[in-house]
Amino acid sequence: MSKSLLKDETIEWKDVTEVLKECTQKEFNLGEMLHHPKQFNLYDIMSAVEMMDPKMDLTVTMKEHVAFPSERFRKGFIPSIETLPIQSILYMMDTLLCATFTWFEGWSLSQSLFTCIYLHDNLKYIDEKCDYEDNKNIVRFFHSYASGIILIKELVEEVMTISSCREIEEFSLDQSGFYVKLNTKPNIVTQRIEKIEKELIERISNLKKGIKFYENIQENNEIELTILNALLNRISFIKNFVTIHLGLQSSTSPQISNVKKAITNSIPLLKQIQNEFTSLNLENYKIGFDKNIAIIASVATPLRVMELFTLERTIGLASKYFDDLNYIIGVVQIQSLAPFIHFFKLFSERDASVVSRAYLSHISLSNSLVFGKYRLQDWIENHIENELITLTDIHISNIKLQKTKPELLYQEWLDALAQAYIKLCIAFSHNRSRLRRVLAHLIHEFGLAEQRAEQIDVTWLKLDVNNPELIRKNETKFSLSLFMIDVIIDIMHQFLILGFELELYSHDEYAYVTWYIDYITKIRLMNFSKIYEENNNIKKLKDKTKKKTKVSKYYPYTKLVTELHSLFFRGFFRFIMAMVKKGLYTNSSIESELPFTTDALRYTNRFKPFFNTAQPPPVTYEAFVSSNDLSQIGASDLFNSAKDHFSAIQTAIETCFRQEVIKMQPTEKQQLEVLLKVAKTNAISVVVCSRLSPQDFKQNQTTPLTPIFDFSMSRLFPVLKPPKK
């Protein structure tokens, strides 16, 4: 900490423990927490635990007082910006970019952008020294760049306020008490940036031609050209950076072409900026930033002093951010529900920043309207024939009747479905941990919608609900109900898969988690099989009468992935059971490690959300145990079965790649390549483990054998390896 940034006084701490005890003993019982729904929530409470801890609260060990920026300028601790060399201006530009992406990644403004001393008091300390009409004034370059950064900050804050895709610990809006806002309108900012860019282009052109129209910034022409190019790259970058965020500000009419062009222009500039930072040795011109600003921010709990991201890391984050935005703007081309949900699902797997996720939510579902224009209920109703896996003639005629004679039950189903889907899309805009928590609640909501769908199917098909045999024979005609069951299974599947990614499962849970994934995917595949068989029967019947068959298409990729996941997790479950049978996995029960709990309790808690819906039928622990009685099956048979399943995955994926019958996005193909690699490795591991015996592991008999569950190849699909010797 530089002494020039501090007051000439020391801090004397006073112990107020007894005062706090006296104030709270009448109002609080032991262990109770102070809480206010808006001003002091659970996040603040947990953050307050850090206070006065020498390792967590840096203010405890501080011996000097951090001065506010206004006082530093008043006392002359900070040099006036017009006195700085141009290299310091370039350094501050690059550091502002680092601060911006530090903020984008969830750190507060006081820990990122507001650490720039010259930005405070609404850019007062730059405004005073800036003159856009004076060609000799170098402050203009930094002023235009900084104004662009602050404009982006205000645009992002507006989007983050509208979009409900974050938690306070993941992204915080400006609550620091500092004043850093634009004094001009956005169009003035962009005009100034464009003017500076045009001037720099002219300067470079004149310098190369030997024309002296502008006064040089540097005496040496070669250095002058290098400096001018560095300034131009940064001004051009901020112009495109601002264009991107201005173009995405409207959810009803985003300027897609302008955004795409700006992203394309920005990416090569990043590499040039990074190279110039090194070649000009800008690291030696550090000035204008103080990380200790975070300490004096006006927040409920003290902020941790932290370093800004390095330029190298910032360039990587910026490239990823532009790639995510480029993907996001593709959503406006989608015109039906299934691709819309699939788009959100794929984006969720990209591990995007909270700002990227906010822009997806803003463009796609602003004010719960699709693209800010359409009610999701109307959108589903208009495209319902393309959403259902199968569609009977009875359903087609009844759906058409809804436009003239709407039925209350059908409209209630559409409303319930739309609300659940809106929550699902917003959930996909959250981080992966929060997504899983929301999915647990959505299973119940989609389950209620499925019950309404089943009532509609029974009513339209005119079936007797008291005749189970008749219901069973016609179950493939339950178009709405089958659609809802498929959606619920997909959510259950994601819920369980996310547990692997987030490392939530203990090794003793892998057996029943993999079994349950196999169980729900088998139901999904059985429904597919019945539906396709029914569709073929309808087609044969209609071919005779020369009528066109009305059968909706379903994603071939989804069906393929479901089959592959079913094969993988069924094979993996049998691999685990084979290890147990052979004595290579001796502590597969939680009761062996935690005697105060039971496998039944752990199982029930793990699958608790699944018991909130009737379809697919939830499986109790007792049913799971009884259906997996492997007493009559040997370990070698289980090993062989597991190997066959992994080999089947290899054959299916390689055939798919060779024949190219299914159109896939690059990310989808990459996921299959990862699964193929994991399946091959597990197939080899099966052979290795089948040749081992417990005697190969020289351990104390009281030490349990636990195989290795390796997630290094994939966060979703483990590789099972022998125990360590």
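Helix 8 covers residues 221–247 of the predicted model. At 1.5 Å a residue, the 27 residues of this helix should span 39 Å, and the end C-alpha atoms lie 38 Å apart, which agrees. The N-terminal end of helix 8 is capped by N220, which places a side-chain oxygen 2.7 Å from the backbone nitrogen of E222.

The same check was applied to helix 25, residues 666–690. Its 25 residues should span 36 Å at 1.5 Å a residue, and the end C-alpha atoms are 36 Å apart, so expectation and model agree. The buried residues of helix 25 include L672, L675, L676, V678 and A679. An α-helix has 3.6 residues a turn, so residues three or four places apart point the same way. The buried residues of helix 25 are covered by elements that include helix 11, helix 21 (556–581), helix 24 (635–659) and strand 6 (719–721).

These helices belong to a protein chain with 25 helices and six strands. Of the 725 residues in the chain, 51% are buried. The chain exposes about 35500 Å², and carbon and sulfur atoms supply 52% of that area. Among contacts with a separation of 6 or more, 77% are between residues 24 or more positions apart.

The largest nonpolar core holds 213 residues. Within this core, F142, F340, W413, Y421 and F446 touch the most other members. When neighbours within four places in sequence are left aside, F340 is in contact with V331, I334, S364, L365, V370, F371, W379 and C425.

Aromatic pairs number 51 in the whole structure. One of them joins W515 and F624 in an edge-to-face arrangement, with 5.2 Å from centre to centre and 70 degrees between the planes. This pair links distant parts of the chain, since W515 lies in helix 20 (residues 510–544) and F624 in helix 23 (residues 621–627), 109 residues apart. Both W515 and F624 are buried.

The side chain of T562 is joined to that of R524 by a polar contact of 3.4 Å. Not counting residues up to four places away in sequence, T562 touches T521, R524, L525 and F528. The other threonine, T102, is found in helix 4 (residues 86–104). T102 counts as buried because its relative accessibility is 0%. A polar atom of the T102 side chain lies 3.2 Å from the backbone nitrogen of F309. Beyond residues up to four places away in sequence, T102 touches W107, S112, M306, L308 and F309.

A contrasting case is D351, which is placed in the loop between helix 11 (337–348) and helix 12 (354–364). D351 has a relative accessibility of 56% and so counts as exposed, the cut-off for this class being over 50%. D351 and D324 are 27 residues apart in sequence, with their C-alpha atoms 9.5 Å apart in space.

Some backbone geometry was also noted. The peptide bond from Q615 to P616 is cis, with omega near -5 degrees. P616 is placed in the loop between helix 22 (599–606) and helix 23. The phi of D121 is about 55 degrees, although D121 is not a glycine. The phi of L123 is about 60 degrees, and L123 is not a glycine either. D121 is partly exposed because its relative accessible area is 29%, whereas L123, at 3% relative accessibility, counts as buried.

Note on methods. Residues numbered from 1 in each chain as written. Predicted model: local features only at pLDDT ≥ 70, side-chain atom pairs only at ≥ 80, totals over all residues. Heavy atoms only, no water. Helix = DSSP H or I, 4+ residues; strand = E, 2+ residues; numbered from the N terminus. Buried < 20%, exposed > 50% of the residue type's maximum accessible area, 1.4 Å probe, protein only. Core = buried A, V, L, I, M, F, W, Y, C linked by side-chain atoms within 4.5 Å. Contact = heavy atoms within 4.5 Å. Areas by Shrake-Rupley, 256 points an atom, 1.4 Å probe, with all protein chains shown as cover. Expected span 1.5 Å × (residues − 1). Polar contact = N/O pair within 3.5 Å; in protein donor to acceptor, adjacent residues only side chain to side chain. Phe/Tyr/Trp six-rings, centres within 6.5 Å; stacked < 30°, edge-to-face > 60°.
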